[in-house]
Amino acid sequence: MPLKDEGLKRRIGVLGLSANIINIIIGAGIFALPAIIASKMGATSIFAYLFCGLLIALVMLCFAEAGSRVNNTGGPYTYIETAFGDYAGFLGGVFVIVSALFADAAVSNALIDMLATTYPIFENNGIRLAFLFVILSGLALLNVIGLKQGIGLVKFNTVAKLIPLLLMITLGWKGVSIENLQFDSYPSLKTLGETSLILFFAFQGAETGLIVGGEIINPKRNVPRGIFISIVTVVGIYMLIQGVSQGVLGEDLPNFTAAPLAETAKAIFGSFGFTLLFLGAMISMFGYLSGSILNNPRVLYALSRDRVIPIKKLSRIHLSFTTPHISIIVYAALCFIIAASGSFKQLAVIASGSMLIIYFLVSLAVIRLRFKQKRHPAEFRIPGGLLVPLLSMGIILYFLYHLSKNEMIGTLIFIAALSLIFMAIKYFKTGH
């Protein structure tokens, strides 16, 4: 398809893309969720990780094919818009932004909650708000200045967050008790579904790393490679982390909801281990936010670029920095507003539900694009015909089934409201 990102430059290679995806996925979730998952499933938590890993692998195969076919900036929004047109693109783009904003707000709250466990001053609402403002405005400024600076920070954060996790995984097995990993029964499908919906928050992010599609070098080759490297790395690390945490802390793991991995490291290495993982968690959450502020504003840019939303200023590119500076500033401001009004767990569930809808639409878009576009020889194509996209849609529907009744109703009302907004925009754009 023709490229529409005039003014943006392709500077991201396969390693930069892989680092971008890993940095986004390994954010706050894996540092905060192991205790919550263990409280629901105990030693059988590993099944939730396998289930989520299977879903994300299937979905990312769909993203790999869609990203190989559609190379413009905008990630999942662009895939949906290309496949189904303006209306679906509008719904998809708004859901991407909403999910991203709630996820960022959840991570921001988790970051402050963790700081408050050691520094009680962060329990003060004024201090919390000031800290949020400094972090989000600082990241916005950095990413306005340039893509090179933004992706450079992402690479640094990715390495910095992986070091303490890999140390805990490789050296922590000496403290694992096999009894803590044994279980007598398997979880029910209901428990697995409800738990996986919460855990899925820790697996989100690969789609965010693809939003910079208009700035990726040779996307037809590098998008599938970057996805494969990142997903395999993340699923392996997550399963090992839960295994070590459960094996070391056992029944006590659910008691440490604020910093379960730091408590695990403390049991293994003493106070040094707690400090190491505490800092690692802080770096990871900060890294997640840095990657999000790099990527997600480009969806706002793409929505404006394609005139799906009638705010032309959002698609402006800074003449000196060649970045969508207004979209970055607006996104960071919205993130601050939402982060100031919610808690981690509440925001994480909302973010997961919204993103599952996006994943469903992208899986469906793969089927549509196969019939709509001629295949280029260099494009990636999922083997097995339509099996993978259909299977991914089936599992996503299973996940969505476990949303609460109020969450389902709220989602339907939100879609209806967006439909009315879209029709109003269409009416004023056409004049009739």
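Is Phe95 buried or exposed? Phe95 is buried, with a relative accessible area of 4%; buried means under 20%, exposed over 50% and partly exposed in between, with a 1.4 Å probe and protein chains only. The structure is a predicted model, in which local features need pLDDT of at least 70, side-chain atom pairs count only at pLDDT 80 or more, and totals for chains, interfaces and linings use all residues. Residues are numbered from 1 along each chain as its sequence is written, and side-chain values use heavy atoms, without hydrogens and water.

**Aromatic pairs**
- The count comes to 12 aromatic pairs, where rings of Phe, Tyr and Trp (its six-membered ring) pair if their centres lie within 6.5 Å, and planes under 30 degrees apart count as stacked, over 60 as edge-to-face and the rest as tilted.
- The rings of Phe95 and Phe414 have centres 5.3 Å apart and planes at 80°, so this pair is edge-to-face.
- Phe95 belongs to helix H5 (residues 86–118) and Phe414 to helix H17 (residues 405–430), 319 residues apart; helices are DSSP runs (H or I, at least four residues) numbered from the N terminus.
- Phe414 is partly exposed, with a relative accessible area of 27%.
- Phe47, Phe183 and Tyr186 are linked into a cluster by ring pairs.

**Surroundings of Ser392**
- Ser392 lies in helix H16 (residues 387–401) and counts as buried at 0% relative accessibility.
- Leaving aside neighbours within four places in sequence, Ser392 is in contact with Leu55, Leu58, Val59, Cys62 and Ser363; contact means heavy atoms within 4.5 Å.

How values were computed:
Helix = DSSP H or I, 4+ residues; strand = E, 2+ residues; numbered from the N terminus.
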